[in-house]
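Visitor: I am new to protein models. Please show me how to read a few features, one by one.

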Amino acid sequence: MYRFSQTAAFALVFSFAFSISYAQSFPPVFFPVSANGQELTNALAGGLNNPQLSVVDLNNDGIQDLFVFDRKGNVVLTFLHDGVSGSTHYTYAPEYIAGFPPLSNWAILRDFNGDGIADIFTYSHIPGIDGISVYRGYYDAQNRIAFNRIQFNNPFGVIYFPLPNGSQTQLFVSTIDIPEVVDVDGDGDLDILTFGVAGGYMEYYANRSIEMGFGTDTLIYRLVTNCWGGFYESGFTEAVDLAATSGQCYSPLTGEDGPIEVRHAGSTVTAFDADGNGKKDLVLGDVSFNNLNFLTNGGTPQTAWMTAQDNFFPSYDVPVQLPLFPAAFYLDLDHDGKKDLAVAPNAANGSEDREVLWWYRNIQGVPHHFELQQRTFLVETMLDFGSSANPVFADVNGDGLTDMLVGNGSYYLPFGAKAARLYLFLNVGTDTEPAFELADEDFLNMSQFAASTFNYAPAFGDIDGDGDLDLIVGEDFGLLYFFENTAGPGNPMQFAPHQYPYMDIDVGIASAPFLYDINGDGLTDLLIGERNGNINYFPNLGTPGQPFFQAAETAPNVPFFGQVDARIPGFPEANSAPVVVEVDGQMMLITGTQIGRIETYIIDESDYTAEFPVVTEYWGDIKAGLRSRVALADLNNNGFLEAAVGNARGGLQLFGTDIPTPVISSVAEKPTPAPVQVYPNPTGGTLFVRMPGDRYEQALFQLFSADGKLAQETRRQGPLWQERLEDLPAGLYFWRISGSGGTFAGKVVLQGRQ
């Protein structure tokens, strides 16, 4: 045991960064997952809560694919279409996400300059500036979509328009609204429809670039009217107030002292020509209601006048009833040449979180006629547990394969009711090709407690020292459920009746436990994350067979373990969620956070109250969305850990890491690294392997690609041998050497041939 000096801490961080490439992006990994007898084709896409949809050709092959922006966490997801007319088969393709810039609140893809490539209209890139940023699309050298931000000539670089007094200001769009970008007047360029600062009236901004001689590659906006369509949306009823005649603007009721100012903000706007008469009709969503309102334009293309409304659209089929604040998106989802309607909740909190994408197919083209096909479009192909997903791995049924248990925060029920559960997925594959199948969607009947608590966060560990893994479950009130496994080592888990609250431990709100022998005394300790962002350390003060944890925050407990603090200014929650893994004999702390980044620290084993050295705040460049929660396991037995990452949208993603598989045991001794030499690194195609001492009787050499697939395998004997890699594509690879002297692992970069 020793105390870190600043120099020693820096050196250790540097050595970690050298041996484990934290700066690199971890590749996504996909294994088969099925539920109710059906394979989920996009199981590990990460789930959806508030999706916004646009079409885009991601790979320049002439086929319109799907862009999804989820307001919950400001996450981009990309899906390739199979190109078959009438098909709704989309495949998650995360390799295209990197081409998109950081986006927030809302994002609409439109081709404003007519080059056949989608561009982005989105909420301002500057926090606090309610406006519109624009990104021009292009294809990179690999024919993948990418974007450059347009630098408008104004202080904030967003869309501006002139005021009557000669000054200018930004075109306003609130953080919660979704505007429409569409050719309103039929002149061939894209205009903007949005509600003003006070809400209620729709503003129409015409793009004057063509009229001013600049063509479609320029965006010059002028406010034409602040009462487009003549209607007024009060937010008091599902219906809007319509003007009596064309050119008139409806005025709210007046009081004795003049007009009553009714401020209403929170609307979504979708515009299209529903009946083919050249005039844009509207579909409106409102923050106060669960329905959509369809407004018929009885005016002209130049002067809109809304003359009729369908308050529960489409009333001729199944009306939208989607809690809360629905938004409609107009696009051809099934590639039949007719644009459909997709509807999703726009409120990031308190809204439906499973049936989040209603697909209304346009069955006759023009005039449009929409019929509901399903309420779970696209999301039905994913693992999605509603809101929040907290995974953990263990062999639950004793068959030698690693299974997965997932706790959710809840899923939507009316009137704020909760529906928290544990979902058990058994591994029905092999030790090198895992496949998961939903075996129990209410494991241990945890839903029975959901009326009083929720946000279940499971963790496995041998708390009582009997050789099998017990189960601890955190929950929203900061307490713990304990389930003792009475089955014995290697047997299918059997649990005694639960104990709650376990040992009276209370960390405040949103306990996220992890079990590990932190102090090396042979007893399993507790680390618990919480909503405030600190990590609580509870050493096991008992004996083998008789665990004991002191509930008070006083020593030897450490309520601010390593001074880790996941809080970010401006975010009321932090939600730390710790995991510990040993790398080269040194314990590393990994924690999820509310904002979604994954932080890693080196644990100072001499002083748990000292500030732990930070390795990285963006582990693996993983961007899974809000409320990240990590679970580690070597699922395909390739010698390196995979990381399952849950998020606030209730979904999961899986990544391959470069962390060699340690002995995952709460009481395991720390492994001693062996001096295997694999060189040169990087290599142009030839690799030499030198084995230490007497550990070379016979060895199995395996090379795995970054996504975990076996790329090469040979059996070798002797202290030095050569591997030829010329036939493999360039990239990052992981090697593993297994023999009578032990198992060793590492990574190597294969460069392209010169």
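Guide: We go through cavities, strands, aromatic rings and some backbone details.

Visitor: What should I know before starting?

Guide: This is a predicted model, in which local features need pLDDT of at least 70 and side-chain atom pairs count only at pLDDT 80 or more, while totals for chains, interfaces and linings use all residues. Residues are numbered from 1 along each chain as its sequence is written, and side-chain values use heavy atoms, with hydrogens and water left out.

Visitor: How many cavities does a search of the whole structure find?

Guide: First the idea. Rolling a probe the size of a water molecule over the atoms shows where empty space is left. On a 1 Å grid over the protein atoms alone, a cavity is a set of points where a 1.4 Å probe fits but cannot get out; its lining residues have an atom within 4 Å of a point. Grid points are joined across faces, edges and corners, and a volume is the space filled by probe spheres set on the points. Here the search finds four cavities of 30 Å³ or more.

Visitor: Which residues lie nearest the centre of the largest cavity?

Guide: They are N390, A512, A577, R627 and R629, out of 13 lining residues. By class, this lining has four nonpolar, six polar and three charged residues. Ala, Val, Leu, Ile, Met, Phe, Trp, Tyr, Cys and Pro count as nonpolar, Asp, Glu, Lys and Arg as charged, and the others, Gly among them, as polar.

Visitor: What lines the second largest cavity?

Guide: That cavity has a volume of about 70 Å³. Among its lining residues are F31, F393, M404 and L654. The lining divides into ten nonpolar, no polar and no charged residues.

Visitor: Is strand β20 mostly covered or exposed?

Guide: Buried means under 20% relative accessible area, exposed over 50%, and partly exposed in between (1.4 Å probe, protein chains only). β20 (residues 281-286) is mostly covered, with six of its six residues buried. D281, V283 and G285 point one way, and L282, L284 and D286 the other way.

Visitor: Which strands pair with β20?

Guide: β19 (residues 267-272) runs antiparallel to β20, with six bridges between them. There, V269 stands opposite L284. β21 (residues 292-297) also pairs with β20 in the antiparallel sense, over four bridges. β20 and β21 form a hairpin with five residues between them.

Visitor: How do I read aromatic pairs?

Guide: A pair of aromatic rings is described by the distance of the centres and the angle of the planes. Rings of Phe, Tyr and Trp (its six-membered ring) pair if their centres lie within 6.5 Å; planes under 30 degrees apart count as stacked, over 60 as edge-to-face and the rest as tilted. The whole structure holds 32 such pairs.

Visitor: Why is the pair of Y481 and Y500 stacked?

Guide: The ring centres are 4.1 Å apart and the planes lie at 20°, so the pair is stacked. It links distant parts of the chain, 19 residues apart: Y481 in strand β33 (residues 480-483), and Y500 in the loop between β33 and β34 (512-516). Y481 is buried, at 1% relative accessible area. Y500 is partly exposed, at 34%.

Visitor: What about the peptide bond from Y500 to P501?

Guide: That bond is cis, with omega near -5°. Another cis peptide bond joins A555 and P556, where omega is about 10°. P556 is in the loop between β36 and β37.

Visitor: Which value of phi does R627 have?

Guide: Phi of R627 is near 55°, a positive value in a residue other than glycine. R627 lies in the loop between β40 and β41 (629-633). R627 counts as buried, at 16% relative accessibility.

Terms used: On a 1 Å grid over the protein atoms alone, a cavity is a set of points where a 1.4 Å probe fits but cannot get out, and a pocket is an open set with protein on both sides within 12 Å along at least five of seven lines; lining residues have an atom within 4 Å of a point. Helices (H or I, at least four residues) and strands (E, at least two) are DSSP runs, numbered from the N terminus. Two strands pair if DSSP finds at least two bridges between them.
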